Amino acid sequence: MIPSRREQDTEFAKLAKRLRRNVGRAIEEYNLIEAGDRVMVCLSGGKDSYTLLDILLELQRKAPVSFHIRAVNLDQKQPGFPAHVLPEYLRSRGVEYDIIEQDTYSIVKRVIPEGRTTCGLCSRLRRGILYRYAAEHGMTRIALGHHRDDILATLFLNLFHGGSLKAMPPKLLSDDGRHVVIRPLALCREIDIARYAEARAFPIIPCTLCGSQEHQERRRIREMLDAWQRESPKRIENLFNAIGNVKPSHLMDSALHDFRGLGARATPAAGWLVPVPGMNEEEADSAEPLPRAASLMSEFED
Ligand code: SF4
């Protein structure tokens, strides 16, 4: 049965409230925006960045502190980019904005061989341009539209391919210490954002203009997470909660937890790396670890 107009309005009101609440929670919990901040909202023309801008504009009216918003789009000169769409939209909303025109598309096409993924270089170039703009215009926060599902996908990319336990933080200081990058949608589900963008009828610019597909492996991970979501939605929720509930004492990073000092009665002795007869150090390191006894595993798992 098709929902009535009234039911649709109620659904949309609930959705908008949920998104505003999640953005508000993220801002408060991670101190994303402070009084007097100049927030540069990076607008690509996709559903996420439109939603980010929309919700921030809404919150700005009711926020406990006053802050400034400027939308910034980088026109990378991809063939067919409809350059009129964003200015028309932003003017209609009365939002202060800038369009930076820089042909990174040609650079990427020239440097990356045909068939290889272009996103790595493309995003590095984009980041450099946006950081420079932020510095030149006194922007104190750079807001990006990444959401909960981007964060989870990044977590698994790093687990599967980076060998490290890290995702995408809601707030990040750039390597040179000059920029604070914020992700106010960090607690929002992609499905909510997609529904919101559809209901608000944002003039979406397709993200396939550059001819590059989303990074293959990221896409595979998204499919894996989508399948988990269908099988057991609670699993995704738990996974997401887990990255905000970390117990370094139950992981294995000695830089985060002083395992060596734990229960030590004296300075820990060195010289435990006994050479393996007939193997050099590299061979010994790559040798298969011995299977651990099941009884020992269960005893020490907690
Ligand atoms: S999808 Fe295209 S525009 Fe987006 S990062 Fe990749 S190469 Fe750049």
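This is a predicted model: local features need pLDDT of at least 70, side-chain atom pairs count only at pLDDT 80 or more; totals for chains, interfaces and linings use all residues.
The buried residues of helix 7 are covered by, among others, helix 1, helix 2 and helix 6 (148-162). Residues are numbered from 1 along each chain as its sequence is written.

Helix 7 spans residues 190-200, and its buried residues are E190, I193 and Y196. Buried here stands for 20 or more other C-beta atoms within 10 Å of the residue's own, with C-beta atoms placed from the backbone; exposed is 12 or fewer, and partly exposed is in between. These three residues cover an arc of only 125° around the axis, so they sit on the same side of helix 7. The arc is taken from the directions from the helix axis to the C-beta atoms. After helix 7 comes A201, with a positive phi near 50°.

Next, two of the covering helices. Helix 1 (residues 5-30) and helix 2 (residues 47-62) have axes that come within 10 Å and cross at roughly 75°. That makes the two helices roughly perpendicular, a label used for 65 to 115 degrees; under 35 is roughly parallel, over 145 roughly antiparallel, and the rest oblique. Axes are lines fitted to C-alpha atoms, for helices over the stretch in contact, with angles from 0 to 180 degrees between N-to-C directions. L19, R20, V23 and G24 of helix 1 meet I55, E58 and L59 of helix 2; contact requires backbone-placed C-beta atoms within 7 Å. By class, the contact has four nonpolar residues, one polar and two charged. Ala, Val, Leu, Ile, Met, Phe, Trp, Tyr, Cys and Pro count as nonpolar, Asp, Glu, Lys and Arg as charged, and the others, Gly among them, as polar.

Six strands make an open, mixed sheet in the order 3-2-1-4-6-5. At the edges are strand 3 (97-101) and strand 5 (171-173), each pairing on one side only. Pairing takes at least two DSSP bridges between the strands. Strand 5 runs antiparallel to strand 6 (residues 180-182), over three bridges, and K171 has I182 in strand 6 as its bridge partner. Helix 5 (residues 119-136) lies across strands 1, 2, 3 and 4, at about 145° to strand 2.

Overall, the protein has 11 helices and six strands. Those are DSSP runs numbered from the N terminus: H or I of at least four residues for helices, E of at least two for strands. Of its 302 residues, 23% count as buried.

Notes:
Two residues are in contact if their C-beta atoms, placed from the backbone, lie within 7 Å.
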